Structure formats: structure tokens, C-alpha cells
Amino acid sequence: MAGSERRDYDLAVIGGGLVGSAIAWGAARRGQRVAVLDEGDLAYRASRGNFALVWVQSKGLGMPEYAAWTKRSSDAWGGFADELRAATGYDVAFERPGGFHLCLSETELETRAAVLRRLHNQPHMVQYPYEILDHDALAKRLPEIGPAVMGASYCPLDGHCNSLRLLKALHAGMKSEGAAYLANRSVEYLERRAGEFSITSASGELRAGKVLLAAGNGNARLAAMVGLKAPVRPQRGQIIVTEKVRRFLDYPIATLRQTDEGSVLIGDSVEEAGFDDTVGLGVLSTMAARAVRMFPRLAALNVVRTWAALRVMTKDGFPIYDRSESAPGAFVATCHSGVTLAAGHALFLAPMLAAGALAPELAVFSARRFDVSQAA
Amino acid sequence: MFRRLHEADGKAVRLTVDGRPVAAREGDSVAAALLAAGIVVCRTTPVSGAARAPYCMMGACFECLVTIDGRGNRQACLVRAEPGMAVATQVGKRELGR
Amino acid sequence: MSAAPPLKDAYELVVIGAGPAGLAAAALAATLGIDTVLFDEQPGPGGQIYRAISETPLRERRVLGEDYWHGSALVEPFRTSGAQYVPGASVWSVSRAREIGVSVGGAARLLQARHVILATGALERPCPIPGWTLPGVMTVGAAQILLKSSALAASGEVVLAGSGPLLWLLAAQYVRAGVAISAFLDTTPRGNLQAALPHLPAFLASAYFRKGLRLVREVKRRVRIVRNVAALAARGEGRLEAIVYRAADGVERQLAAEILLLHQGVVPNVNLANAIGCAHVWDERQLAFKPAVDEWGMSSIDGVAIAGDGAGISGAEAAEHRGRLAALDAAERLGRIDRVRRDRDAAPHRTSLRRAERGRAFLDALYRPAKAFRIPHDDVVVCRCEEVTARQVRESVELGCTGPNQMKAFLRCGMGPCQGRLCGLTVTELIAEARGVAPGEVGYYRLRPPIKPITLEELAGLPKTAAAVAAVER
């Protein structure tokens, strides 16, 4: 590996997760000489702990541009998956049958309907269909649901994929496009010097014409070094995984899905726990109880694994895409929906980075929005 | 495959495996009962359909998975054979409700 | 069925595992007046080495040998010590705060411990040879369990293969039971004896020498031994039919076989300690990860100690003494005895422990498994649960994977129900070799509870705090 390392790159991507590798692949395909710097085996890695949803419904309340960006990525996801398969041979099992958000009480159902109404009533909100279903209508599409399920919201644009295979495919893809993947390269320091960026890790120094910060929760520290702001914090989510079972569920549900391998994944939780990524039985138990109320016949399935992962969360939950003013050529990209936005990142954002400028439509995602709200 | 060292010993425990009668003896695990009855394969894998059988007999390998009394993916080496048990070998993934 | 006393919500000491370490620890602690419960996954005490000691159907004592029957001397004091014994108990979680998650009879519950002693012992080292997943291929440990619990012995064409004292022990037990063994294929590498010589004096002075020599002679009289087997494969369509092997002369030979019993030593069962968050270290002498513990067995997590082979392989006898040392330390930490008393009471156990460990360095060196049997060639399945091959592991390293946790994400290996028990060490060593670094630098899978399966229903029924519910129902 060391022998083939080149000192000069067009673009250094700090972070080899779903955000970094999608952009690295996209940029490499555009002819950029790319290096991806990644941490070691036990790093936090939100990319290993997500739910693999490619999700549209309910996103963008408070920022309709985010709904549009999400839908754009979702609409492009099928083509993105096809391109990945053609380039790498890996099928990331993308399906877009539509998805459900199940409600276990009248209050939950009413709240859900209200949220979606408010979302779609926003000015400049992109239009797409969704339905609110009662139990009987829902049972026609999800025959396994239990009597405790009051109803659900459904959106035909929702889907899911095999996100671990997605990460692997992106890594294989960027490698075959000539990108250099440099593991165990936790970045200590970076700075702009003489028209380029110098990036220092324990293994030495690397120079690149441009740099993209895609280091998840690590962005907060790195951003300040190149005149950027990335006010992100870790937000814990826990997941339960069952043994493999014959296919019984053809649609992803916001908090429960069956993978292409057969296992059932159960979420969804939100905790402000700092950098603690250990699981807690109380949260796992609550999620399990809801899952069994949703699908009673899951009760006898064995839990074979649990994990917790740290989402990369901004104050308003929307992404940050930014370009540095004081250090031109430095960019940051962070979000907590790296799976849904993978297509957008690879197909739309990566070419912008290759060209060295973010499109005006992404200006709304700049971290400057946080300054404005503070001043207000 | 596996033979009993003292043939006449111990109380017999009668169970069925895939509907066929099998005689185990008191104290056998279900896995031991299968091996004693000459049943070579207890399942096929959910990933590729490959044939598998008990390997470690101590609950570590998860190869001896069978359906016992209608409940799938039980580790046969950790379940004591009881009279009247209905054991079924497994094909691929477990089914919901079984 | 007699009614067992109900489980309490809290105990001073929870011991997990009913092998020699667990039995000795629980017995001593309870005798000191400590409120103790011992959870045993099996239906009766003894762990694996003394499996079924209270109810084995084997009538002839000489088949299993006197070392086995020593187990009775551990069970009796335990039963009369006042410790609560819970058989059929699957401990699936221990938190840093020592909250224990256990399932008995398919019902999960939580309870609190002030102090925990893990005594979950050892596992067979994985033996990833071609065809090792075929029905008919089992471990030597499995054969011993069948012998002890059910008086069942392999019949037909039976081959034993591998390296280590337990292989010789099973061979001797089978000879005494009248079982015909087609061949004993010894994979101990030729150069090992030379490497072991510095430890020979201690070995000659130990009980292992005398016992070992007797076993080897007993087996050699009756069984065809093939030494220096450098390659081994199991073949068959849907079940084992033949073994192919290559010995020192380089000639490939085939043997018909119905049962292949494999063994290349045992390694610490680290899953529970790992999931708790105990620090582990790579033991280059034993080629395995073990928890980092002090001379009392105390781990890096407050109030969690590890005794017996689970803390590093040193055999059944040493396990007892380490169990007692852990119990004395527990007694001091729980305020039952002071340090002076603890150290004084410990002295004879330390002496016994030193004696029991004498000769082990020689055994570790002599039976150090060959690289070919730890780091297989490309076509061999490494992760049995997810059916991942060595080739796929190597390819992932080329893709940039530096460790087993990233490897898990790329290949799913280690994600199956066995939670790495049969693939973890192989994957770590494969990655280490491909990267050219030490296994300790590569690390091991990071595990979380449940370390044994529980159903969704069992998980759903556990107590939940308001904060936990709020994290989900928002």
C-alpha cells in the first residue's frame, strides 16, 4: 500500500463511511484523483449501524428544500444501484415498494397525520403522494399486523437496501476507479498552505487540491481548521436483529424491516448519550415490545444481535453542505441519512465537488443558517 | 454413527423425528437422541441449503438447530429429550409462527 | 419435579458456569456466608470437563479415567455450601453495573449482583479444514460429551485428528470402551518438540508427564497413529465419506470415514467478558484472546472477575484453585473478610495453583497448532453461520478492511447466531497475516448482549424505565 501512495491528490475525503465513499466514488468517476482517509476497526462509524431505509415520507418539516433533495435522491436511487452493480458486481438489494410508518394508538395516528399535513402544507414543498390508512386497509397490504396497530401512513416513494453491501460496493467502486483508500489514518491536523491542503495523520502528511470533511461526528473538530463550521452531535440509536426467517414482509416499515438475507431489524430509538455507543436493555425491550405488538408472530423469534450506533445530528436535523470562504477548496458534507442520500451524494454532490463549487440550490444547507437563528 | 455402550441401560424415552418413532434414553439431549438413531443431517442452512449436523454438542456452534414441538431453531444439544416430543429437521430459514 | 427456590432480585455474588472454577468459587464464597447464586446452562453441574458427573450412565469408572471422577469432589461441597444452584439457566447479559440478564425455562428476567465471577470456561479452538462443515465432522469435546452424558461412542469408521492432550484422552477413553479407531492423525508440527524443550524440566516434574505418558502408551498399543500430518480435508456429498490427508512423506492418502473427531486445543470462551466490555489481550503463547485479569482474576470492569480457563487456559485443576482465589477476593471486596485474612487464606490455593500450572508451558509449546490449521487456504469456509470463505476475508483486506468489525460489516462473518465462537480467532489471524501485523493489533469482534439467544417476547417483557420508553415512543 505505502509504495503506491501518491503525495498529490485532487480531492482528499476525510471519512470513508457512506457519505465519504459515495462522494469519493462519484468524484473518482469524474476523473478526480481521490484519496479517502479512514479511521481504524473500532471507530464509531454510523455507516455500520444504520437502518438501511431509503426514506422520503415525513422528511423536511421546517426545510422543504430538504424534502426536495431527499426526493431527488430517492428518485435517482434505482439508477444509482444499477450503476453500482454494473461497476462493481455488487447488488445492493434496493427495493422501492413504498413504506409504512405504523401507529399503535389513536394518538399516534392522529399525530402522524397532523405532521404529514403540516409538512405538505409548507410553501414550496415538493409534492408527492401519501396515504393515511386505518387498520383494515393496512391489513390488506400487511397481513401479519396485530390488532394493536391502529393504522399507518404510507408513501410509495419509500424503500430500503442492504446498506452494508452498499458500503462495500462503494469501497470496491472507488478502488476500481483508482481512488486510494487509506485506513488507520485518523486525521490529527489539516490546514491550507500555498494553495493546497496539507493533511496530517500519525502516518505522515498528504497533500490535496481540495478536501472534503465527511467524518461524521469527527467533523466538528476538523471543521474549524479550515474555516468551516460543523455543529454536529452524536445521537444514539439502538437496533435489534433477529435470526433469519422466511420472507413475510414485503415493505419496509419506519421502525422494522426484513432484510434481503431474511433477518428482521427493529428500531427506532433516540437518546442524547454523548459518545456512549453501548446498548441498554430498557430501550431494547421497549422496541421489542412495540415490534411484537405490530407483528405478533415475531414473538418467538430469537434475537441474535443488538448494537447501538451514533447518528451524526445537527441542531435542526438537516444536512450541512458547505464550502469554506477562508480556505477555498475545503468542503464539508454531513447528514444523518447517509443511505437515503447516497444517490444524491454520488450523482449530484460529487460532480459539484469535482468542479470545486456547490450549486446554489444547496446554499440553504450551509451552516450559516445556525448563525442566523442565533442572531434572531 | 454413534452406538450405546450399554444397550439395555436406562429408561427409554420415546419421541418422533419427522413423524418417525425414535427411542432415546433418559438423560439424552435431543441432539444425542438424533445421533443415536443414526440421523445424520438435522438441517439445511438458510444461506446456501448446505446439510448440517451437531458439531460441538455444547451450545456454541448453533449447528444442531431443529424444530421441537412446533418451535424452530432450538439448539438440540441444550434440550433434554422428553417423552412424546415431536422433533422435525429443518429446511433453510425458520418460518414465522414455527 | 421438585420446586426450586425462586430467584431473588439481588445477590451479593453471582457465579456463571458450573465447571471446576465456578463450583469451587461458589462453594467457598457461600461457606464464608456470602449470598451466592450459581447459574449453569447445563441441566447438571460439572461444566464440560466434568460433564454429567452427577448422572453419567457410564458404569465403568476406568473408561473415563480418575481425573474425571475428581469432579464429584467438587460437586458435593458445592451442594452443601448454601449457594443457590440454578440449572438450565442461560445468562445472556451482564452489564457494567452488574445487572444480570438470565433466562430460565424460556422466561427472561433481570437481577442485580454486587460481584460477579465469570467461570464460563473454554471452547474448542476452531478447526477450519476443507469439509469441516459436513455432517459427521464433530469435535473431540462433542464426542466426550456424548460419552459422558449418554454412554454413546462413535461407531463405524472413526478417525481422530488434530493435536493436544484432549485428543489423546478421548482416544484412551475410546480404547477402554472398546471403540475401534481407524486412525489417529496427529497434526502436531514436527518442530514443536524442539521448541518445547526449554520447558521440559518443569513438565517432567509435573503430574502431566506421568499421566500423559501413560495415555500415549495406552493409545499407541491399540491405535494406528500417523504423525506430522500437514494437510487434512473432509470429503463427501452431503455427509462425511472420506478423509484425505498428507503426512511427512508428502503422499496424499485417503481413508473412508463416517465420523471425524477434530481437536486442536481449547481457547478461552470470551463472549460474555467481551460483551461486558472487559479489556482483552492477545496471548501469543496460547494463540488466543483472553481477558486481562490480575492475580485474583479481577478484570478491568469493577466487580467482575473471571476464573478458570475463561481467563486463560491452564486446565481443570488450576481452574479450581483460581475459582477459590476469586471467591476470596470477592469476600474481601464485599467486606466479609479483610485483606490480611484474604491473603492468608489464599496462600495454600496459590501453592496448589502453581503446582497445577507446572508443565503447562511445555504442553502449550508442544501442541501449538500449525498455521495451516489456523489460517486456512481460500476455499475453506471460515464463518460457518454465514458461509464466508477465507478467500472472501482476504479479498476484504485487499479492499481496505483492517479489522474484524469492519470485516463483519463487509462480509457478515461473525453476524450469525454463534457470535464468532467458531470463526473469531480464524478471522483475526487471517486478517493479521494478510496485513502483516500481530493478531493483537487486529483485535477481535466487539460483542453485545444477548450473548445467548433470547426471544423477542422475552426481551419485550423486561422492565423499562420511563427514560427508555421515552427514547422510543416519541
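## Domains of chain C

In chain C, the centres of domain 1 and domain 2, taken over C-alpha atoms, are 29 Å apart. The model is predicted. Chain C is divided into three pieces: domain 1 (10–123 + 267–337), domain 2 (126–264) and domain 3 (375–442).

## Where domain 1 meets domain 2

Domain 1 of chain C gives 14 residues to its contact with domain 2, and domain 2 of chain C gives 12. About 1,200 Å² is buried between these two domains of chain C. Carbon and sulfur atoms give 56% of that area. Which residues of domain 1 of chain C lose the most area to domain 2 of chain C? They are C:R51, C:V63 and C:L64, together 36% of what that side buries.

The interface of domain 1 and domain 2 of chain C holds 1 salt bridge. The side chains of C:K211 and C:D67 meet in a salt bridge, at 3.0 Å from N to O. The rule also finds 7 residue pairs in polar contact across the interface of domain 1 and domain 2 of chain C, both residues at pLDDT 80 or more. On the domain 1 side, α2 (61–64) and α3 (66–69) of chain C are the elements that give two or more residues. The largest share, 3 residues, comes from α2(C). By class, this side of domain 1 has 7 nonpolar, 4 polar and 3 charged residues.

## Where chain C meets chain B

Now to the contact between chains. Chain C supplies 50 residues and chain B supplies 37 residues. The area buried between chain C and chain B is about 3,700 Å², and carbon and sulfur atoms give 58% of it.

How many salt bridges are there between chain C and chain B? The count is 2. B:E63 and C:R384 meet through their side chains in a salt bridge, with 2.6 Å from N to O. Between chain C and chain B there are also 12 residue pairs in polar contact, both residues at pLDDT 80 or more. On the side of chain C that touches chain B, several elements supply at least two residues each, among them β7 (122–124), α6 (165–177) and β16 (259–263). The largest share of that side, 7 residues, comes from α5(C). The residues of that side divide into 28 nonpolar, 11 polar and 11 charged.

## Strands across the chains

Strand β1 (residues 2–4) of chain B is joined to β9(C) by 3 bridges. The two strands run antiparallel. Which residue of β9(C) stands opposite B:R3? It is C:A153.

Terms used
Residues numbered from 1 in each chain as written. Chains lettered and ligands numbered in written order. Predicted model: local features only at pLDDT ≥ 70, side-chain atom pairs only at ≥ 80, totals over all residues. Heavy atoms only, no water. Contact = heavy atoms within 4.5 Å. Buried area = accessible area lost by both parts, 1.4 Å probe. Salt bridge = Lys/Arg side-chain N within 4 Å of Asp/Glu carboxyl O. Polar contact = N/O pair within 3.5 Å; in protein donor to acceptor, adjacent residues only side chain to side chain. Helix = DSSP H or I, 4+ residues; strand = E, 2+ residues; numbered from the N terminus. Nonpolar A, V, L, I, M, F, W, Y, C, P; charged D, E, K, R; others polar. Pairing = 2+ DSSP bridges. Domains from an automatic or database assignment.
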